[in-house]
Amino acid sequence: INAVVFSPDGKYVLSASDDSLLKLWEAASGKEVRTYTGHEGAVNDCAFNEDGTQFVSASDDFSLRRWDVKTGAELMVMRGHTGPVKACAYSPKGKLIASSSKDSSVKLWDIETGRCRVTLSGHMDWVNRLAFSADGRKHVTASWDMNLKVWDVRKGTELLTLSGHLGAAVACAFSDDGKRIVSGSFDSTLKIWDANEG
């Protein structure tokens with residue numbers, strides 16, 4: 001199991017696994033509610049939209065898929081990465097999905113059309129994780145190249161490179177107020193960064 005996330009209302013847990021499946025569970029009872037099939041490779045990440053009616057998943061089959069939570073229907077397949085897709089996230093208060101891949105790129109997708117709006121290049125190795133700031137204006141990416149990068153979502157430009165880890169950067173998140181970024185690495189450390197100054 002590569003990823004586990006709560007639904008926004010806390011009633012459900014969604015899991016993504018190497019067996020190419022996604023499963024929805026009741027958080028209180030642990031009862032399995034639904035299995036989502038369609039990916040043709042390991043599923044590496046999953047994320048709910050803000051109202052919990054849909055979710056997106058990222059897979060080794062080079063695709064992202066958008067799903068209807070209640071019906072289990074696959075709503076859209078997004079292709080464009082040239083390597084396994086490692087992470088995905090919905091932008092808060094926006095209409096974008098972000099994805100990162102072993103192809104070293106980050107892509108921003110239009111939720112309605114499924115078209116890639118912009119490809120962000122700059123990392124020198126595969127991109128493990130990504131996270132949006134609470135206001136949706138920035139997002140941060142963590143890479144095997146040991147660096148993190150902060151991006152301007154609207155402009156599609158790089159704002160900062162955060163260097164200091166001695167191993168692959170494998171996790172990242174913004175603080176709720178957007179002033180700090182926390183990162184985790186294979187070097188066995190966590191680092192807290194100033195999100196504006198680096």
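# Strands, hairpins and salt bridges in a predicted model

A search of the whole structure finds 7 salt bridges, a salt bridge being a side-chain nitrogen of Lys or Arg within 4 Å of a carboxyl oxygen of Asp or Glu. The model is predicted, so local features need pLDDT of at least 70 and side-chain atom pairs count only at pLDDT 80 or more, while totals for chains, interfaces and linings use all residues. Residues are numbered from 1 along each chain as its sequence is written, and side-chain values use heavy atoms, with hydrogens and water left out.

The salt bridges come first. Glutamate 32 pairs with lysine 23, and their closest N and O atoms are 3.0 Å apart. With a relative accessible area of 36%, glutamate 32 is partly exposed; buried means under 20% relative accessible area, exposed means over 50%, and partly exposed lies in between (1.4 Å probe, protein chains only). Another salt bridge brings together the side chains of aspartate 45 and arginine 129, at 3.1 Å from N to O. Because aspartate 45 lies in strand 5 (residues 43-48) and arginine 129 in strand 13 (residues 127-132), this pair ties together parts that are 84 residues apart in sequence. Strands here are DSSP runs (E, at least two residues), numbered from the N terminus. Aspartate 45 is buried at 10% relative accessible area, whereas arginine 129, at 23%, counts as partly exposed.

Arginine 65 also takes part in a salt bridge, with glutamate 74, at 2.9 Å from N to O. Arginine 65 is buried, its relative accessible area being 4%, while glutamate 74 is partly exposed at 34%. Both belong to a network of salt bridges that links Asp61, Arg65 and Glu74.

Strand 1 (residues 3-6) pairs with strand 2 in the antiparallel sense over 4 bridges; two strands count as paired if DSSP finds at least two bridges between them. Alanine 3 has alanine 16 of strand 2 as its bridge partner. The two strands make a hairpin with 5 residues between them, and in its turn glycine 10 has a positive phi of about 80°. Serine 17 is buried, at 14% relative accessible area. Not counting residues up to four places away in sequence, serine 17 touches Ile1, Asn2, Ala42 and Val43, where contact means heavy atoms within 4.5 Å.

On one side, 5 bridges join it to strand 14 (residues 138-143), and the two run antiparallel. One of the bridge pairs consists of valine 140 and valine 150, the latter in strand 15. Strands 14 and 15 form a hairpin with 4 residues between them, and methionine 146 in the turn has a positive phi of about 80°. Strand 15 is also joined by 5 bridges to strand 16 (residues 157-162), again antiparallel. Here aspartate 152 has threonine 157 of strand 16 as its bridge partner. The hairpin of strand 15 and strand 16 has 4 residues between the strands, and its glycine 156 takes a positive phi near 70°.

Strand 15 is mostly covered, with 5 of its 5 residues buried. In a regular strand the side chains alternate between the two faces of the sheet. In strand 15, Leu148, Val150 and Asp152 point one way and Lys149 and Trp151 the other way, and all are buried.

Aspartate 187 is in the loop between strand 18 (180-185) and strand 19 (190-194). Leaving aside neighbours within four places in sequence, aspartate 187 is in contact with His165, Leu166 and Gly167. Alanine 168 is 19 residues from aspartate 187 in sequence and 7.2 Å from it in space, C-alpha to C-alpha.

Isoleucine 192 belongs to strand 19 and counts as exposed at 67% relative accessibility.
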